[in-house]
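Student: I have a structure open on my screen and would like to learn how to read it. Could you take me through some features, one at a time?

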Amino acid sequence: MGKLIDGEWHGDGAVAPTNDKGEFERADSGFRDWLTADGGPGPDGQRGFKAEPGRYRLYVSLACPWAHRTLVARALKGLDDMLPVIVVGPVMGEHGWSFTEAFGGTGEPLYGLNHLHQLYTRARAGVSGKVTVPVLWDTVEQTIVSNESADILRMLSNAFDDCGAAPGDFYPAELRTEIEAVNDRVYPGLNNGVYRAGFAVKQAAYDKAVRQVFETLDWLEERLSGREWLVGEQLTEADIRAFTTLVRFDPVYHGHFKCNWRRLIDYPHLSDFARRIAELPGVAATIDLDQIKTHYYRSHPDINPSGIVPVGPAQGRIGKADARTIGG
Ligand SMILES: N[C@@H](CCC(=O)N[C@@H](CS)C(=O)NCC(=O)O)C(=O)O
């Protein structure tokens, strides 16, 4: 991992930033503008960029659960042609995310860049901070509209509706309060909770985080016992946000991040829920277990020094199965 300081890349060996209690602390995203149908300001007065087919690119890693949120929205809204993706390679090394045409990457077709940090400095020469995916890039102004997945997910829900996007609103006005309430629990307890468990460097920090992960899974299981979707009677962003962590749970978080009290397949309602979302049109193609496993097990040498990518799980894999199997 590493970061930009005044436009210079500093690679470092540390797995993730932790505080003096050994707890992982996630940095805030640095680019927070908004894509809107008419180019008007975003919901909180952010600078608006007009949604136009072909104008923007979505830089993603297929491994990353945050980027995956935006890929699910792109698939469900039928934006494949309007919003092309650029896919980094799976392993995050000393230069951070890098472009390659091997291992499922697309290379970097716009400017021939080698590393994602070069896109950040292209947007803002002296920028400081983490270099993360997803990135929503404007090819006209050559800048980053946003590198915050929660915001990008929300903007893709309606920004391209006048351009012929598929119907569906993942953040309908009448459900917003409840969606926020679910997000406020699922983000710390599950989406970021698995990282807080996995990146903890002190026992107490791990114990606290892993307990919260399973309290959140228990709560979700209970909530889904009598309903199909987390909020209301339709798919919302709350479902998409839970989904991308759930599909990684048994292949990665259970082992690599030590979230091994239970597995996703031990939760019948949650497993059905994840499968239900994976079966929506276009969603299965966004799940790449090879990339997911390769990324985590090979990008965190502090946690997995050998870089060996384990073969399992045999059962309960969701989406496009990874290539390696044992037996019949
Ligand atoms: N808050 C950001 C977080 C994104 C994020 O942390 N992405 C990870 C990949 S899963 C990343 O790019 N990490 C690079 C790093 O930490 O150096 C979002 O949700 O968009």
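Predicted model: local features only at pLDDT ≥ 70, side-chain atom pairs only at ≥ 80, totals over all residues.

Student: Is Trp66 buried or exposed, and how would I tell?

Tutor: The idea is to count C-beta atoms within 10 Å of the residue's own, and 20 or more others make a residue buried. Trp66 has 23 other C-beta atoms within 10 Å, so Trp66 is buried.

Student: Which residues does Trp66 touch, leaving aside those up to four places away in sequence?

Tutor: Trp66 touches Pro134 and Ser149. Also look at Val133: it lies 67 residues from Trp66 along the chain, and the two C-alpha atoms are separated by 7.5 Å.

Student: Pro134 came up as a contact of Trp66. What should I look for in its peptide bond?

Tutor: Start with the general rule: most residues other than glycine have a negative phi, and most peptide bonds are trans. Now the case here: the bond from Val133 to Pro134 is cis, with omega near 0 degrees. Pro134 belongs to the loop between α2 (116-123) and β7 (135-138). A cis bond also joins Gly312 and Pro313, with omega about 0 degrees. Pro313 is in the segment after α9 (289-299).

Student: And which residues can show me a positive phi?

Tutor: Phe103 lies in the loop between β6 (85-87) and α2. With 15 C-beta neighbours inside 10 Å, Phe103 counts as partly exposed. Then go to Gln142, where phi is near 50 degrees, again positive in a residue other than glycine. Gln142 has 12 other C-beta atoms within 10 Å, so Gln142 is exposed.

Student: Where is Gln142 found?

Tutor: In the loop between β7 and β8 (143-146). These two strands form a hairpin with 4 residues between them, and Gln142 takes its positive phi in that hairpin.

Student: How do I read the pairing of strands?

Tutor: Look for the bridges, the sense of the pairing, and which residues stand opposite each other. β7 and β8 pair in the antiparallel sense over 3 bridges, and Leu136 stands opposite Ser146 in β8. β7 also pairs with β5 (residues 56-60), in the antiparallel sense over 4 bridges. There, Arg57 stands opposite Trp137 in β7.

Student: Now helices. How do I find out which side of one is buried?

Tutor: An α-helix has 3.6 residues a turn, so residues three or four places apart point the same way. Take α2, whose buried residues are Leu116, His117, Leu119 and Tyr120. They are on the same side of α2, because they cover an arc of only 155 degrees around the axis. The buried residues of α2 pack against β1 (2-5), β2 (8-11), β5, β7 and β8.

Student: How many residues of α3 are buried?

Tutor: α3 is mostly covered, with 7 of its 8 residues buried. Among them are Ser149, Asp151 and Arg154. The buried residues of α3 pack against β3 (34-36), α1, β7, β8 and α7 (237-253).

Student: Finally, what are the domains of the chain?

Tutor: The domain assignment gives domain 1 (2-163) and domain 2 (173-280). Their centres, taken over C-alpha atoms, are 23 Å apart. The contact takes 17 residues from domain 1 and 17 residues from domain 2.

Student: Which helices supply at least two residues of the side of domain 1 that touches domain 2?

Tutor: α1 (65-76) and α3 (149-156) each do. α1 gives the most to this side, with 6 residues. By class, the side of domain 1 that touches domain 2 has 8 nonpolar, 4 polar and 5 charged residues.

Notes:
Residues numbered from 1 in each chain as written. Pairing = 2+ DSSP bridges. Domains from an automatic or database assignment. Contact = placed C-beta atoms within 7 Å. Nonpolar A, V, L, I, M, F, W, Y, C, P; charged D, E, K, R; others polar. Arc of directions from axis to C-beta.
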